Amino acid sequence: MIKMKIINIKTIINGIKIYSNWFEVFNPTKKIIDAKLRNGIVLHSLDREERGAMTEIFVKEIYNKYKRINDNDIVIDIGASTGDYCIYAVKSAKNVKVFALEQNIVKVNKALGNFRLNNVSNVEIENVFADSKKLEALVEKIGRCDFLKVDCEGCEFEIFFSLKREVFE
């Protein structure tokens, strides 16, 4: 319990450094907000769940524990949601290209709005259900994948265990 509270306090302190409107972001009574990051990124009309995902990406940087995005990387984002990780990836290094898959059309439309709002043009997002066959076809089409982010509501294992071995090579 004490460890959990320390982690939450640490997240809030780091969040204050990143969000210019941190009080709104961490305020549980606010149903929908626009998150404004100090680096100029704005993410539009986020609900509580989306704010949690955004905090994991921008504050905790959970997807960077093992590898960082480098210049000229090709990134695939399965479960792109409202495009927060796509924007993070594009802004992390030069000439990054992101291919994103998201099955929820409402989230795809929010993502497209967030891309416009942040002047992000090097992201292609498709409104599809992501499975191993779709990922295999995407990797074959683009030729390579330098960074793969998969967060698709529990389908991760099904995708990875069904992939052909060649996709990982």
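Helix H4 (residues 84–92) has Asp84, Tyr85, Cys86, Ile87, Tyr88, Ala89 and Val90 as its buried residues, where buried means under 20% relative accessible area, exposed over 50%, and partly exposed in between, using a 1.4 Å probe and protein chains only. Helices here are DSSP runs of H or I with at least four residues, strands are runs of E with at least two, and both are numbered from the N terminus. The model is a predicted one, in which local features need pLDDT of at least 70 and side-chain atom pairs count only at pLDDT 80 or more, while totals for chains, interfaces and linings use all residues. Residues are numbered from 1 along each chain as its sequence is written, and side-chain values use heavy atoms, with hydrogens and water left out.

Next comes the packing of H4 against H3. The axes of H3 (residues 48–58) and H4 come within 9 Å and cross at roughly 20°; these axes are lines fitted to C-alpha atoms, for helices over the stretch in contact, with angles running from 0 to 180 degrees between N-to-C directions. The crossing of the two helices is right-handed, that is, the near helix is turned clockwise from the far one by less than a right angle, anticlockwise being left-handed. On the H3 side, the contact (heavy atoms within 4.5 Å) is made by Glu50, Ala53, Met54, Ile57 and Phe58, and on the H4 side by Asp84, Tyr85 and Tyr88. Sorted by class, that gives 6 nonpolar, no polar and 2 charged residues, with Ala, Val, Leu, Ile, Met, Phe, Trp, Tyr, Cys and Pro taken as nonpolar, Asp, Glu, Lys and Arg as charged, and the others, Gly among them, as polar.

In soluble globular proteins, nonpolar side chains tend to be buried together. A nonpolar core is a set of buried Ala, Val, Leu, Ile, Met, Phe, Trp, Tyr and Cys residues joined through side-chain atoms within 4.5 Å. The largest one has 33 residues, and those touching the most other members are Met54, Phe58, Ile69, Val75, Tyr85, Val98 and Phe115. Two or more residues each come from strands S1 (33–36), S2 (42–46), S4 (97–102) and S5 (123–127), and from helices H3, H4 and H5 (105–117). H4 gives the most to this core, with 6 residues. Leaving aside neighbours within four places in sequence, Met54 is in contact with Tyr19, Val25, Ala35, Leu43, Leu46, Val59 and Asp84.

Thr55 also sits in helix H3 and is buried, at 7% relative accessibility. With neighbours up to four places away left aside, Thr55 contacts Thr11, Tyr19, Val25, Phe26 and Lys60.

Then there are the loops. Most residues other than glycine have a negative phi. Glu61, not a glycine, has a positive phi of about 50°; Glu61 lies in the loop between H3 and strand S3 (74–78) and is partly exposed, with a relative accessible area of 28%. Asn119 likewise has a positive phi, near 55°, and is found in the loop between H5 and S5, exposed at 71% relative accessibility. Asn118 lies in the loop between H5 and S5 but is buried, at 6%. Not counting residues up to four places away in sequence, Asn118 touches Gly40, Ile41, Val42, Leu43, Ile87 and Lys91.
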